[in-house]
Amino acid sequence: MTVDPVLTYGGQTLSYRVQTGGSRTTKIAIHVEPDGEVIVDGPEGADPAEIRRAVNKRARWVFMQVEKARERFRHVRDKEYVSGEEVLYLGRRYVLKVIKDDTHRGAVKLKGNRLEVPSRSCSPESVSAGVWAWYRVKARDYFDRRLAEWEQKLPWVNGRPPFRLQEMEKRWGSCTADGTIILNPHLIKAPRECIDYVILHELAHLRHHNHSPDFWKTISFADPDWQRKKALLDGAAEQLTAK
């Protein structure tokens with residue numbers, strides 16, 4: 001089992017993930033994700049000691065960015081799944097309406113500005129299960145349609161890549177070594193343009209399975225406005241992932 005390296009600063013410690021390879025030559029880049037995960041990109045065959053020195057040199061900055069990310073999440077309350085609560089879908093806000101239903105025939109549906117959820121017990125567990133079953137169905141259908149659209153636009157995508165849903169704590173999406181696209185169902189709450197950015201990001205990994213400069217050039221070629229969409233998604237991460 002591989003253990004992530006650890007950074008220590010001011011009596012505190014945190015782990016970080018190292019990614020190497022691609023067309024990166026000498027530069028080591030440090031990224032702090034919206035959820036506080038620290039990722040270090042380095043060239044193929046980079047000396048682990050050199051990577052540690054680079055991370056230690058920016059330790060203060062890293063801890064400041066991680067603390068900012070954690071602070072955003074501290075203000076997000078867990079969902080109670082009761083009528084009147086706000087729910088998100090494709091970037092729009094809806095009001096949750098729990099409806100007593102003893103027939104087991106009612107279906108979760110959008111009606112105007114409300115998301116109506118029938119439930120026999122009306123317990124938070126029952127309502128949560130209904131909402132998340134609905135989210136997953138909507139995510140599967142919508143993501144599938146957007147993947148089909150992007151497949152036609154991108155010259156390096158030869159054939160439809162397989163895809164599946166998977167809840168992930170620290171990622172919106174992933175691309176496996178065999179080309180399978182994995183998307184986080186929480187993403188269905190985000191604006192459509194943010195969803196498109198994530199799908200493009202993962203499809204770009206079919207060409208560059210790294211975050212090298214060529215990877216970002218590929219994304220810029222397909223969508224020159226991707227940075228704004230990424231910033232919008234990053235800024236809403238704590239709301240979109242709240243359960």
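Reader: Before we start, what should I know about the numbering and the pLDDT limits?
Author: Residues are numbered from 1 along each chain as its sequence is written, and side-chain values use heavy atoms, leaving out hydrogens and water. This is a predicted model, in which totals for chains, interfaces and linings use all residues, local features need pLDDT of at least 70, and side-chain atom pairs count only at pLDDT 80 or more.

Reader: How far apart do the C-alpha centres of domain 1 and domain 2 lie?
Author: Domain bounds come from an automatic or database domain assignment. Here that assignment gives domain 1 as 6-73 and domain 2 as 85-241. The distance between their C-alpha centres is 27 Å.

Reader: Is Val131 buried or exposed?
Author: Val131 has its place in helix 3. Val131 touches Tyr81, Leu96, Leu115 and Val117, not counting residues up to four places away in sequence, where contact means heavy atoms within 4.5 Å. Buried means under 20% relative accessible area, exposed over 50%, and partly exposed in between (1.4 Å probe, protein chains only). Since its relative accessible area is 1%, Val131 is buried.

Reader: How are the rings of Tyr197 and Trp226 arranged?
Author: Rings of Phe, Tyr and Trp (its six-membered ring) pair if their centres lie within 6.5 Å; planes under 30 degrees apart count as stacked, over 60 as edge-to-face and the rest as tilted. By this rule the count comes to 8 aromatic pairs. For Tyr197 and Trp226, the centres are 6.1 Å apart and the planes are at 15°, so the pair is stacked.

Reader: Which parts does this pair of Tyr197 and Trp226 tie together?
Author: The two residues are 29 residues apart in sequence, and both Tyr197 and Trp226 are buried. Because Tyr197 lies in helix 4 (residues 192-204) and Trp226 in helix 6 (residues 226-235), the pair ties together helix 4 and helix 6.

Reader: What accessibility class does Trp216 count as?
Author: Trp216 and Trp226 form a stacked aromatic pair, 4.8 Å centre to centre with 20° between the planes. Trp226 is buried, with a relative accessible area of 9%. Because its relative accessibility is 23%, Trp216 counts as partly exposed.

Reader: Which side chain makes a polar contact with the side chain of Thr180?
Author: Thr180 lies in the loop between strand 11 (173-175) and strand 12 (181-183), and is buried at 13% relative accessible area. A polar contact is a pair of N or O atoms within 3.5 Å; within protein, one must be able to donate a hydrogen and the other to accept it, and residues adjacent in sequence count only if both atoms are side-chain atoms. At 3.0 Å, the partner of Thr180 is Asp178.

Reader: Over the ring of which residue does the charged end of Arg58 sit?
Author: A charge sits over a ring if NZ of Lys or CZ of Arg is within 6 Å of the ring centre and within 35 degrees of the ring normal. The charged end of Arg58 is 4.1 Å from the centre of the ring of Trp61.

Methods
Helix = DSSP H or I, 4+ residues; strand = E, 2+ residues; numbered from the N terminus.
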